[in-house]
Amino acid sequence: MLSPAETAQSLSGGLRHKALMPLISIAFLSIMAGSSIALGDVFWAHSTVGVAKSAGIGIANFIGGIAFSVGLMMVVFFGGHLFTSSVMSGVSTYDRKLPIGKMAAYWVWVWIFNFAGALLTAYMYYESRLPLNYDGEILKHFAALGAGKMSLSFYSAFIRGIFCNVFVCMAIWASTAAEDTAGKILAICFIVGAFVASGYEHCVANMFIISEALFAKAHYLAEVGGDMEALSHLTHTSIASLDNLTITNFFVKNLFPVTLGNICGGLFFVGLIGFMSHKVDMKA
């Protein structure tokens, strides 16, 4: 296992390398990462059907968290570019090894292509009709979950974004420190499981969840002939919450504050603090 100082150096060098890759590589590997996180969400949704009712909410959260972690495992083992961990490339900028313009451009491209991967997966998943299994419980759950995310205040979404990316970036930190596959899997599994079970906000996961929620709203609204009251009854969600589930609110009320929180949590609370704290032990 690498020491904390060796881990910080490895992360800084690795993320600098990823930020300087050709755009075509960044695009494909970012789309893959967005899709992987989306597939982790799918596994979470299918693993927790009916669990809260039969075994309790806490058990459902634990199972869902462990299931979701598969998404980050796919990203790590395939070398994907995930926005929430890519923000730690700011450490290389702090260390004067990556120009700030290159860092900012890298962040923007990864965010955009993560969104493309998540959205594509949300559409394909909906068209597969898999979320309509179990009497449509999964699709209805996405509608309610997405609508609920629209009700968060800016500050709440921002804080949850910070907490989320402390966990995600610590999972990346721990998996980098681990020198064998089993160690990397265990590091990701439990740390990511903790963030999901705790209910924090991950911008890339939300790109999938809220996209699926919008598909669900359109699907069931067509099914009930545009009757919002019937839609509310079907999805067990208030009309006001469903009214708030729009593309504009998707970006303004959720993705914007959550992305800012993810940047703050990953870059400042893990990346920079970890790098600066252990710099004294780093080898030149």
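Hi everyone. Let's begin with charges: the count here comes to 4 salt bridges. Please keep in mind that this is a predicted model.

Take D95 to start. The side chains of K97 and D95 meet in a salt bridge, with 3.3 Å from N to O. D95 also forms a salt bridge with K279, and there the closest N and O atoms are 3.4 Å apart. Where do D95 and K279 sit in the chain? D95 is in the loop between α6 (90-94) and α7, while K279 is in the segment after α14. They are 184 residues apart, so this pair links distant parts of the chain. Put together, D95, K97 and K279 are linked in a network of salt bridges.

Now, is D95 buried or exposed? D95 has a relative accessibility of 17%, and because buried means under 20%, D95 counts as buried.

R129 pairs with E127, with the closest N and O atoms 3.9 Å apart. R129 counts as partly exposed at 36% relative accessibility, and E127 counts as partly exposed at 40%.

Let's move on to a helix, α8, which covers residues 133-149. At 1.5 Å a residue, the 17 residues of α8 should span 24 Å. The end C-alpha atoms are 23 Å apart, which agrees.

Which residues of α8 are buried? They are G136, I138, L139, F142, A143, G146, A147 and K149. As you look at that list, remember that an α-helix has 3.6 residues a turn, so residues three or four places apart point the same way. And what do the buried residues of α8 pack against? Their partners include α2 (23-47), α7 (100-127), α11 (203-223) and α14 (247-278).

Last stop, the surface. I59, F62, I63, L186 and F190 form a nonpolar patch there, with about 500 Å² of accessible area together. The elements giving two or more residues to this patch are α4 (57-78) and α10 (181-198). Helix α4 provides the largest share, 3 residues. If you want to find F190 on the screen, look in helix α10.

Terms used: Residues numbered from 1 in each chain as written. Predicted model: local features only at pLDDT ≥ 70, side-chain atom pairs only at ≥ 80, totals over all residues. Heavy atoms only, no water. Helix = DSSP H or I, 4+ residues; strand = E, 2+ residues; numbered from the N terminus. Expected span 1.5 Å × (residues − 1). Buried < 20%, exposed > 50% of the residue type's maximum accessible area, 1.4 Å probe, protein only. Contact = heavy atoms within 4.5 Å. Patch = residues over 30% accessible without salt bridge, like charges linked within 9 Å, V, L, I, M, F, W, Y side chains within 5 Å. Areas by Shrake-Rupley, 256 points an atom, 1.4 Å probe, with all protein chains shown as cover.
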